[in-house]
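Dear colleague,

Please find below the sequence and the structure that I am handing over to you. My notes on what was found follow directly after them.

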Amino acid sequence: MLSPESAAVVRATLPAVGGALDEITKRFYGTMFAEQPELLDGLFNRGNQASGEQRQALAGSIAAFAQALLATPDTRPDALLARIAHKHAALGVTEDQYTIVHKYLFRAIGDVLGEAVTPEVAAAWDEVYWLMAGALIALEARLYHEAQVDPRAPWRQWTVVERHEETADVVSFLLRPADDTPLPAARAGQYVSVRALMPDGVHQTRQYSLSNAPGDRLRRITVKRVASVADAPEGEVSNQLHRSVRVGDELTLSAPFGDVALDDSDAPLLLVSAGIGCTPMVGMLEHLAATGATRPVWVLHADRSPADHALRADTDRTLGELPGARAQFWYEQDAAGEPGARLGLMELGELDLPADADVYLCGSLPFMRAARAQLLRAGIPARHIRYEVFGPDLWLAHGEN
(Lines give C-alpha, C1' and ligand atoms only; values in the text may rest on other atoms or scores of the structure.)
Protein backbone atom coordinates (compact mmCIF):
# COMPACT_ATOMS: atom_id res chain seq x y z
CA MET A 1 0.00 0.00 0.00
CA LEU A 2 2.89 2.40 0.70
CA SER A 3 4.77 3.29 -2.49
CA PRO A 4 8.43 2.20 -2.65
CA GLU A 5 9.58 5.80 -3.02
CA SER A 6 7.66 6.94 0.06
CA ALA A 7 8.72 3.86 2.02
CA ALA A 8 12.39 4.75 1.49
CA VAL A 9 11.83 8.34 2.66
CA VAL A 10 9.74 7.31 5.67
CA ARG A 11 12.33 4.71 6.71
CA ALA A 12 15.10 7.31 6.52
CA THR A 13 13.17 10.02 8.38
CA LEU A 14 11.24 7.92 10.93
CA PRO A 15 13.86 8.39 13.69
CA ALA A 16 13.74 12.18 13.33
CA VAL A 17 9.96 12.39 12.97
CA GLY A 18 9.38 9.84 15.71
CA GLY A 19 11.69 11.68 18.07
CA ALA A 20 9.82 14.93 17.47
CA LEU A 21 6.28 13.53 17.55
CA ASP A 22 5.59 14.67 21.10
CA GLU A 23 6.48 18.26 20.24
CA ILE A 24 4.63 17.98 16.92
CA THR A 25 1.42 16.74 18.52
CA LYS A 26 1.67 19.32 21.31
CA ARG A 27 1.89 22.11 18.74
CA PHE A 28 -0.81 20.46 16.59
CA TYR A 29 -3.39 20.36 19.37
CA GLY A 30 -2.51 23.83 20.65
CA THR A 31 -2.90 25.48 17.24
CA MET A 32 -6.00 23.54 16.24
CA PHE A 33 -7.89 24.34 19.45
CA ALA A 34 -6.79 27.99 19.34
CA GLU A 35 -8.23 28.37 15.84
CA GLN A 36 -11.15 25.96 16.13
CA PRO A 37 -12.19 25.90 19.82
CA GLU A 38 -15.54 24.34 18.93
CA LEU A 39 -13.71 21.00 18.59
CA LEU A 40 -13.33 20.95 22.38
CA ASP A 41 -17.12 20.90 22.72
CA GLY A 42 -17.87 17.20 23.02
CA LEU A 43 -15.20 15.71 20.75
CA PHE A 44 -11.93 16.07 22.68
CA ASN A 45 -11.34 15.26 26.34
CA ARG A 46 -10.03 18.34 28.16
CA GLY A 47 -8.55 16.22 30.93
CA ASN A 48 -6.49 14.13 28.52
CA GLN A 49 -5.37 17.28 26.77
CA ALA A 50 -4.19 18.79 30.05
CA SER A 51 -2.35 15.64 31.12
CA GLY A 52 -0.74 15.08 27.72
CA GLU A 53 -2.14 11.55 27.45
CA GLN A 54 -4.01 12.24 24.21
CA ARG A 55 -0.84 13.70 22.71
CA GLN A 56 1.16 10.62 23.67
CA ALA A 57 -1.51 8.28 22.28
CA LEU A 58 -1.64 10.10 18.94
CA ALA A 59 2.15 10.12 18.61
CA GLY A 60 2.31 6.43 19.46
CA SER A 61 -0.38 5.48 16.95
CA ILE A 62 1.29 7.41 14.10
CA ALA A 63 4.68 5.86 14.82
CA ALA A 64 3.22 2.37 15.14
CA PHE A 65 1.29 2.73 11.88
CA ALA A 66 4.35 3.97 10.01
CA GLN A 67 6.43 1.08 11.35
CA ALA A 68 3.72 -1.40 10.32
CA LEU A 69 3.66 0.02 6.80
CA LEU A 70 7.43 -0.34 6.53
CA ALA A 71 7.30 -3.92 7.82
CA THR A 72 4.53 -4.98 5.42
CA PRO A 73 4.18 -2.27 2.75
CA ASP A 74 1.67 -4.25 0.64
CA THR A 75 -0.92 -4.66 3.39
CA ARG A 76 -3.09 -2.28 5.38
CA PRO A 77 -2.67 -2.80 9.16
CA ASP A 78 -6.37 -2.54 10.03
CA ALA A 79 -5.96 -4.63 13.19
CA LEU A 80 -3.67 -1.94 14.60
CA LEU A 81 -6.38 0.67 14.07
CA ALA A 82 -9.47 -1.22 15.24
CA ARG A 83 -9.34 0.17 18.78
CA ILE A 84 -8.99 3.75 17.50
CA ALA A 85 -11.88 3.26 15.06
CA HIS A 86 -14.19 2.07 17.85
CA LYS A 87 -13.23 5.08 20.01
CA HIS A 88 -13.89 7.42 17.09
CA ALA A 89 -17.26 5.81 16.33
CA ALA A 90 -18.28 6.22 19.98
CA LEU A 91 -17.57 9.96 19.59
CA GLY A 92 -19.29 10.46 16.24
CA VAL A 93 -16.10 11.30 14.34
CA THR A 94 -16.87 12.17 10.70
CA GLU A 95 -14.82 11.89 7.52
CA ASP A 96 -14.44 15.65 7.05
CA GLN A 97 -12.67 15.97 10.41
CA TYR A 98 -9.67 14.07 9.02
CA THR A 99 -9.08 16.96 6.64
CA ILE A 100 -9.03 19.39 9.56
CA VAL A 101 -6.57 17.20 11.46
CA HIS A 102 -4.36 16.92 8.37
CA LYS A 103 -4.19 20.70 8.00
CA TYR A 104 -3.00 21.33 11.55
CA LEU A 105 -0.83 18.23 11.90
CA PHE A 106 1.23 18.99 8.81
CA ARG A 107 1.53 22.64 9.77
CA ALA A 108 2.94 21.45 13.11
CA ILE A 109 5.37 19.08 11.38
CA GLY A 110 6.67 21.95 9.29
CA ASP A 111 6.94 24.27 12.29
CA VAL A 112 8.88 21.74 14.40
CA LEU A 113 11.16 20.17 11.77
CA GLY A 114 11.63 23.25 9.60
CA GLU A 115 13.87 22.85 6.54
CA ALA A 116 14.16 19.11 7.13
CA VAL A 117 10.65 18.81 5.70
CA THR A 118 11.56 18.84 2.01
CA PRO A 119 8.82 18.35 -0.61
CA GLU A 120 9.81 14.67 -0.82
CA VAL A 121 9.55 14.22 2.97
CA ALA A 122 6.22 16.05 3.10
CA ALA A 123 4.82 13.90 0.26
CA ALA A 124 5.94 10.65 1.88
CA TRP A 125 4.43 11.44 5.27
CA ASP A 126 1.32 12.79 3.56
CA GLU A 127 0.92 9.35 2.01
CA VAL A 128 1.31 7.73 5.45
CA TYR A 129 -1.32 10.06 6.91
CA TRP A 130 -3.92 9.42 4.24
CA LEU A 131 -3.33 5.67 4.31
CA MET A 132 -4.00 5.80 8.06
CA ALA A 133 -6.94 8.19 7.71
CA GLY A 134 -8.42 6.19 4.83
CA ALA A 135 -8.21 2.97 6.81
CA LEU A 136 -9.88 4.59 9.82
CA ILE A 137 -12.61 6.17 7.70
CA ALA A 138 -13.40 2.77 6.15
CA LEU A 139 -13.40 0.99 9.51
CA GLU A 140 -15.59 3.66 11.10
CA ALA A 141 -18.04 3.62 8.17
CA ARG A 142 -18.47 -0.10 8.68
CA LEU A 143 -19.02 0.34 12.42
CA TYR A 144 -21.63 3.06 11.84
CA HIS A 145 -23.38 0.85 9.28
CA GLU A 146 -23.43 -2.19 11.56
CA ALA A 147 -24.79 -0.11 14.45
CA GLN A 148 -27.24 1.70 12.12
CA VAL A 149 -25.90 5.02 13.40
CA ASP A 150 -25.73 8.29 11.48
CA PRO A 151 -22.39 9.82 12.55
CA ARG A 152 -23.92 13.28 12.12
CA ALA A 153 -26.52 12.41 14.79
CA PRO A 154 -24.96 9.65 16.93
CA TRP A 155 -26.64 10.49 20.25
CA ARG A 156 -29.87 9.41 21.91
CA GLN A 157 -31.47 10.06 25.26
CA TRP A 158 -31.68 7.50 28.07
CA THR A 159 -33.63 7.84 31.32
CA VAL A 160 -32.10 6.92 34.67
CA VAL A 161 -34.44 4.39 36.31
CA GLU A 162 -32.14 3.44 39.19
CA ARG A 163 -29.09 4.89 40.91
CA HIS A 164 -27.10 2.57 43.16
CA GLU A 165 -24.14 3.54 45.32
CA GLU A 166 -21.72 0.64 44.86
CA THR A 167 -18.91 2.02 47.06
CA ALA A 168 -17.95 5.40 48.47
CA ASP A 169 -16.51 6.36 45.06
CA VAL A 170 -18.51 4.25 42.59
CA VAL A 171 -22.12 4.61 41.47
CA SER A 172 -24.17 2.61 38.96
CA PHE A 173 -26.88 4.06 36.75
CA LEU A 174 -29.52 1.73 35.29
CA LEU A 175 -30.85 3.25 32.08
CA ARG A 176 -33.68 2.71 29.62
CA PRO A 177 -34.14 4.48 26.26
CA ALA A 178 -36.28 7.59 26.43
CA ASP A 179 -38.12 6.55 23.24
CA ASP A 180 -39.28 3.30 21.64
CA THR A 181 -37.04 3.29 18.58
CA PRO A 182 -34.90 0.16 17.98
CA LEU A 183 -31.64 -0.11 19.88
CA PRO A 184 -28.25 -0.86 18.31
CA ALA A 185 -27.08 -4.28 19.45
CA ALA A 186 -24.47 -4.49 22.19
CA ARG A 187 -21.86 -7.12 22.94
CA ALA A 188 -20.63 -8.02 26.40
CA GLY A 189 -17.50 -6.01 27.18
CA GLN A 190 -18.37 -2.99 25.04
CA TYR A 191 -18.76 0.61 26.21
CA VAL A 192 -20.90 3.64 25.47
CA SER A 193 -19.99 7.31 25.40
CA VAL A 194 -21.79 9.64 27.79
CA ARG A 195 -22.05 13.24 26.59
CA ALA A 196 -22.44 15.63 29.52
CA LEU A 197 -22.91 19.40 29.69
CA MET A 198 -20.36 20.99 32.01
CA PRO A 199 -21.09 24.05 34.20
CA ASP A 200 -19.11 26.26 31.79
CA GLY A 201 -21.42 25.32 28.91
CA VAL A 202 -18.99 22.96 27.16
CA HIS A 203 -19.91 19.34 26.47
CA GLN A 204 -17.48 16.63 27.50
CA THR A 205 -17.65 12.98 26.53
CA ARG A 206 -16.38 9.92 28.39
CA GLN A 207 -16.63 6.18 27.74
CA TYR A 208 -18.08 3.80 30.32
CA SER A 209 -18.34 0.02 30.01
CA LEU A 210 -21.72 -1.66 30.04
CA SER A 211 -21.68 -3.43 33.40
CA ASN A 212 -24.69 -5.69 32.84
CA ALA A 213 -25.73 -8.23 30.25
CA PRO A 214 -26.54 -6.31 27.05
CA GLY A 215 -29.54 -8.39 26.00
CA ASP A 216 -32.52 -6.16 26.89
CA ARG A 217 -33.54 -2.49 26.92
CA LEU A 218 -32.09 -1.86 30.36
CA ARG A 219 -28.40 -0.99 30.31
CA ARG A 220 -26.13 -0.14 33.20
CA ILE A 221 -23.00 1.95 33.46
CA THR A 222 -20.85 2.05 36.58
CA VAL A 223 -18.87 5.23 37.16
CA LYS A 224 -15.91 5.75 39.47
CA ARG A 225 -15.46 9.30 40.74
CA VAL A 226 -11.95 10.39 39.72
CA ALA A 227 -10.46 12.42 42.55
CA SER A 228 -7.87 15.16 42.24
CA VAL A 229 -4.38 13.79 42.84
CA ALA A 230 -1.28 16.01 43.11
CA ASP A 231 -1.38 18.34 40.10
CA ALA A 232 -4.04 16.34 38.25
CA PRO A 233 -7.54 17.86 38.42
CA GLU A 234 -10.56 15.76 39.38
CA GLY A 235 -12.42 13.94 36.62
CA GLU A 236 -14.96 16.52 35.52
CA VAL A 237 -17.50 14.14 33.93
CA SER A 238 -17.36 11.44 36.61
CA ASN A 239 -17.79 14.01 39.38
CA GLN A 240 -20.60 15.75 37.49
CA LEU A 241 -22.46 12.45 37.17
CA HIS A 242 -21.95 11.62 40.84
CA ARG A 243 -23.09 15.04 42.03
CA SER A 244 -26.03 15.76 39.79
CA VAL A 245 -27.63 12.71 38.15
CA ARG A 246 -30.66 11.23 39.91
CA VAL A 247 -33.51 8.85 39.05
CA GLY A 248 -35.69 10.41 36.36
CA ASP A 249 -32.87 12.44 34.80
CA GLU A 250 -31.75 11.83 31.24
CA LEU A 251 -28.27 11.02 29.95
CA THR A 252 -27.05 11.38 26.38
CA LEU A 253 -25.43 8.16 25.15
CA SER A 254 -23.81 6.81 22.01
CA ALA A 255 -24.38 3.37 20.58
CA PRO A 256 -22.20 0.62 22.10
CA PHE A 257 -18.74 0.19 20.59
CA GLY A 258 -15.45 -1.45 21.61
CA ASP A 259 -13.24 -4.09 20.03
CA VAL A 260 -12.62 -6.00 23.28
CA ALA A 261 -15.92 -7.88 23.37
CA LEU A 262 -16.56 -11.41 24.59
CA ASP A 263 -16.25 -14.02 21.84
CA ASP A 264 -18.35 -17.18 21.71
CA SER A 265 -16.08 -20.07 22.59
CA ASP A 266 -15.88 -23.20 24.70
CA ALA A 267 -12.30 -22.42 25.80
CA PRO A 268 -11.61 -21.65 29.46
CA LEU A 269 -12.07 -17.97 30.21
CA LEU A 270 -9.98 -15.77 32.51
CA LEU A 271 -11.44 -12.39 33.49
CA VAL A 272 -8.55 -10.48 35.07
CA SER A 273 -9.20 -7.02 36.50
CA ALA A 274 -8.31 -4.44 39.11
CA GLY A 275 -10.34 -1.61 40.59
CA ILE A 276 -13.01 -0.19 38.30
CA GLY A 277 -11.67 -2.51 35.58
CA CYS A 278 -14.21 -5.00 36.91
CA THR A 279 -17.06 -3.27 35.03
CA PRO A 280 -16.75 -4.97 31.61
CA MET A 281 -16.00 -8.26 33.37
CA VAL A 282 -19.30 -8.17 35.27
CA GLY A 283 -21.11 -7.46 32.01
CA MET A 284 -19.41 -10.51 30.49
CA LEU A 285 -20.30 -12.65 33.51
CA GLU A 286 -23.96 -11.63 33.37
CA HIS A 287 -24.04 -12.40 29.64
CA LEU A 288 -22.56 -15.84 30.24
CA ALA A 289 -25.18 -16.55 32.91
CA ALA A 290 -28.04 -15.24 30.76
CA THR A 291 -27.02 -17.45 27.82
CA GLY A 292 -26.49 -20.60 29.91
CA ALA A 293 -22.77 -20.83 29.14
CA THR A 294 -20.93 -23.86 30.52
CA ARG A 295 -17.33 -22.95 29.68
CA PRO A 296 -14.90 -22.86 32.63
CA VAL A 297 -14.60 -19.31 34.00
CA TRP A 298 -12.06 -17.79 36.37
CA VAL A 299 -12.75 -14.35 37.86
CA LEU A 300 -9.48 -12.86 39.13
CA HIS A 301 -9.73 -9.39 40.67
CA ALA A 302 -7.48 -7.11 42.72
CA ASP A 303 -8.64 -4.16 44.78
CA ARG A 304 -7.68 -1.94 47.67
CA SER A 305 -10.16 -3.57 50.07
CA PRO A 306 -13.51 -5.43 50.06
CA ALA A 307 -15.25 -2.12 50.70
CA ASP A 308 -13.70 -0.70 47.50
CA HIS A 309 -14.64 -3.71 45.36
CA ALA A 310 -17.44 -2.40 43.15
CA LEU A 311 -20.12 -4.84 41.94
CA ARG A 312 -18.89 -7.55 44.32
CA ALA A 313 -22.47 -8.68 45.11
CA ASP A 314 -23.28 -8.93 41.39
CA THR A 315 -20.10 -10.90 40.82
CA ASP A 316 -20.88 -13.36 43.61
CA ARG A 317 -24.48 -13.78 42.46
CA THR A 318 -23.50 -14.42 38.85
CA LEU A 319 -20.74 -16.84 39.81
CA GLY A 320 -23.39 -18.90 41.59
CA GLU A 321 -25.34 -19.13 38.35
CA LEU A 322 -22.40 -20.43 36.30
CA PRO A 323 -21.43 -24.09 36.69
CA GLY A 324 -17.68 -24.50 36.94
CA ALA A 325 -17.02 -20.82 37.62
CA ARG A 326 -14.55 -19.84 40.32
CA ALA A 327 -13.10 -16.64 41.72
CA GLN A 328 -9.99 -15.40 43.44
CA PHE A 329 -9.72 -11.91 44.91
CA TRP A 330 -6.68 -10.04 46.21
CA TYR A 331 -7.06 -7.11 48.62
CA GLU A 332 -4.30 -4.84 49.84
CA GLN A 333 -6.06 -4.60 53.21
CA ASP A 334 -8.95 -6.13 55.18
CA ALA A 335 -8.83 -9.49 53.38
CA ALA A 336 -9.25 -11.54 56.59
CA GLY A 337 -12.57 -13.33 56.71
CA GLU A 338 -13.42 -12.64 53.08
CA PRO A 339 -14.30 -15.84 51.16
CA GLY A 340 -11.94 -16.47 48.26
CA ALA A 341 -9.68 -13.54 49.16
CA ARG A 342 -5.95 -13.21 49.72
CA LEU A 343 -4.00 -10.35 51.22
CA GLY A 344 -1.66 -8.42 48.95
CA LEU A 345 -1.23 -7.76 45.25
CA MET A 346 -2.44 -10.13 42.55
CA GLU A 347 -0.08 -13.05 42.06
CA LEU A 348 -1.23 -15.29 39.24
CA GLY A 349 1.73 -17.62 39.68
CA GLU A 350 -0.03 -18.97 42.77
CA LEU A 351 -2.78 -20.47 40.59
CA ASP A 352 -2.89 -23.44 38.24
CA LEU A 353 -4.25 -21.56 35.24
CA PRO A 354 -5.29 -23.35 32.03
CA ALA A 355 -2.78 -22.64 29.26
CA ASP A 356 -5.49 -22.75 26.56
CA ALA A 357 -7.57 -20.00 28.18
CA ASP A 358 -8.90 -16.85 26.54
CA VAL A 359 -7.94 -13.87 28.71
CA TYR A 360 -9.55 -10.45 29.09
CA LEU A 361 -7.62 -7.80 31.03
CA CYS A 362 -8.87 -4.49 32.39
CA GLY A 363 -7.41 -2.09 34.94
CA SER A 364 -4.67 0.50 35.17
CA LEU A 365 -1.80 0.20 32.69
CA PRO A 366 0.77 -0.77 35.37
CA PHE A 367 -1.58 -3.48 36.61
CA MET A 368 -2.21 -4.85 33.12
CA ARG A 369 1.47 -4.90 32.23
CA ALA A 370 2.26 -6.83 35.41
CA ALA A 371 -0.68 -9.23 34.97
CA ARG A 372 0.19 -9.86 31.32
CA ALA A 373 3.78 -10.70 32.23
CA GLN A 374 2.53 -13.20 34.83
CA LEU A 375 0.13 -14.75 32.31
CA LEU A 376 2.92 -15.16 29.76
CA ARG A 377 5.09 -16.83 32.42
CA ALA A 378 2.17 -19.17 33.13
CA GLY A 379 2.32 -20.34 29.52
CA ILE A 380 -0.67 -18.48 28.08
CA PRO A 381 0.12 -17.27 24.52
CA ALA A 382 0.15 -13.52 23.94
CA ARG A 383 -2.42 -13.88 21.15
CA HIS A 384 -4.94 -15.16 23.72
CA ILE A 385 -4.62 -12.05 25.92
CA ARG A 386 -6.85 -9.06 25.14
CA TYR A 387 -6.99 -5.84 27.09
CA GLU A 388 -9.29 -2.84 27.50
CA VAL A 389 -7.93 0.63 28.24
CA PHE A 390 -10.00 3.38 29.83
CA GLY A 391 -8.95 6.56 28.03
CA PRO A 392 -6.17 7.02 25.42
CA ASP A 393 -4.33 3.82 24.58
CA LEU A 394 -0.92 4.53 26.07
CA TRP A 395 -0.11 0.83 25.83
CA LEU A 396 0.12 1.36 22.07
CA ALA A 397 1.99 4.62 22.64
CA HIS A 398 4.74 2.65 24.37
CA GLY A 399 4.98 0.19 21.49
CA GLU A 400 3.38 -2.74 23.31
CA ASN A 401 0.94 -5.24 21.86
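A residue counts as buried under 20% relative accessible area, as exposed over 50%, and as partly exposed in between. Please bear in mind that this is a predicted model. With those limits, Ala141 is classed as partly exposed because its relative accessibility is 44%. This residue is found in helix H6. Ala141 and Ala89 are separated by 52 residues in sequence, while their C-alpha atoms are 8.5 Å apart in space.

In general, nonpolar side chains of soluble globular proteins tend to be buried together. The largest nonpolar core here has 55 residues, and the members that touch the most others are Phe28, Met32, Leu81, Leu105, Trp125, Val128 and Phe257. Two or more residues of this core come from each of helix H1 (4-35), helix H3 (53-71), helix H4 (78-91), helix H5 (96-113) and helix H6 (119-147). The greatest contribution is that of H6, with 15 residues.

Which residues does Phe257 contact, leaving aside its neighbours within four places in sequence? They are His86, Ala89, Ala90, Leu143, Ala147, Gln190 and Tyr191.

An open sheet is formed by 6 strands with antiparallel pairing, in the order S4-S3-S6-S1-S2-S5. Because S4 and S5 stand at the edges and have a single partner strand each, one side of each lacks a neighbour in the sheet. On average, neighbouring strands of the sheet are turned by 40° against each other, direction ignored. Between S3 and S4, the antiparallel pairing extends over 7 bridges; Val192, for instance, has Tyr208 in S4 as its bridge partner. Helix H4 lies across S3 and S4 and runs at about 40° to S3.

Finally, helix H7 (residues 236-244) may be of interest to you. Its buried residues include Val237, Ser238, Asn239, Gln240, Leu241 and His242. What covers the buried residues of H7 includes strand S1 (156-165), strand S2 (170-177), strand S3 (191-197), strand S4 (203-209), strand S5 (219-224) and strand S6 (250-253).

With kind regards

Technical notes:
Residues are numbered from 1 along each chain as its sequence is written. This is a predicted model: local features need pLDDT of at least 70, side-chain atom pairs count only at pLDDT 80 or more; totals for chains, interfaces and linings use all residues. Side-chain values use heavy atoms; hydrogens and water are left out. A nonpolar core is a set of buried Ala, Val, Leu, Ile, Met, Phe, Trp, Tyr and Cys residues joined through side-chain atoms within 4.5 Å. Buried means under 20% relative accessible area, exposed over 50%, partly exposed in between (1.4 Å probe, protein chains only). Helices (H or I, at least four residues) and strands (E, at least two) are DSSP runs, numbered from the N terminus. Contact means heavy atoms within 4.5 Å. Two strands pair if DSSP finds at least two bridges between them. Axes are lines fitted to C-alpha atoms, for helices over the stretch in contact, and angles run from 0 to 180 degrees between N-to-C directions.
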